[in-house]
Amino acid sequence: MEIKIQSIHFDATEKLQAFVEKKIAKLEKSHEDIQRVEVVLKVVKPATVQNKEVSVTVNVPGRSLFVEKVSDTFEEAVDLVVDSLKVQLQKIKEKARDY
């Protein structure tokens, strides 16, 4: 699984990148065939709360999943994105099993 992290309007710290990679790596437990994951970290409006936006695109064979969440911190937003993706990946896996 290839993970690409992009930060817009700020420089992501090593710690934040490691956190994102660790959380995204856990998605492999939900679906083994993940080919590529693109993570975009973005500061929307620097002076407001709920200004950290995380969008993740996950490529699995035959489809692409996209989730975007906004929160107070990047860590919180990444957690929300990963939880949402786990549910979507489970559904894909179950549908594949039914066929």
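1. Glutamine 50 sits in the loop that runs between S2 and strand S3 (52-60). The model is a predicted one. Glutamine 50 is not a glycine, yet its phi is positive, at about 55°. Its relative accessible area is 43%. That value falls between the 20% and 50% cut-offs, so glutamine 50 is classed as partly exposed.

2. Histidine 9 also deserves a look. Its phi is near 70°, a positive value in a residue other than glycine. Histidine 9 belongs to the loop between S1 and H1. Is histidine 9 buried or exposed? Histidine 9 is exposed, with a relative accessible area of 63%.

3. Now the charged pairs. How many salt bridges does a search of the whole structure find? The search returns four.

4. Glutamate 2 and arginine 36 form a salt bridge through their side chains, at 3.4 Å from N to O. This pair connects distant parts of the chain. Glutamate 2 lies in strand S1 (residues 2-8) and arginine 36 in strand S2 (residues 36-43). The two residues are 34 residues apart. Glutamate 2 is partly exposed, at 42% relative accessible area. Arginine 36 is also partly exposed, with 27% relative accessibility.

5. Arginine 36 has a further partner. Its side chain meets that of glutamate 38 in a salt bridge of 2.9 Å, N to O. Glutamate 38 has 27% relative accessibility and counts as partly exposed. Burial means under 20%, so glutamate 38, at 27%, is not classed as buried.

6. Which residues are linked in a network of salt bridges? Glu2, Arg36 and Glu38 are. Arg36 takes part in both bridges described above, one with glutamate 2 and one with glutamate 38.

7. Lysine 23 and aspartate 79 make another salt bridge, with their side chains 3.2 Å apart, N to O. This pair, too, links distant parts of the chain. Lysine 23 is in helix H1 (residues 14-25), while aspartate 79 is in helix H2 (residues 74-98). Aspartate 79 is partly exposed, at 29% relative accessibility.

8. Last, check the positive phi values at histidine 9 and at glutamine 50.

Key: Residues numbered from 1 in each chain as written. Predicted model: local features only at pLDDT ≥ 70, side-chain atom pairs only at ≥ 80, totals over all residues. Heavy atoms only, no water. Helix = DSSP H or I, 4+ residues; strand = E, 2+ residues; numbered from the N terminus. Buried < 20%, exposed > 50% of the residue type's maximum accessible area, 1.4 Å probe, protein only.
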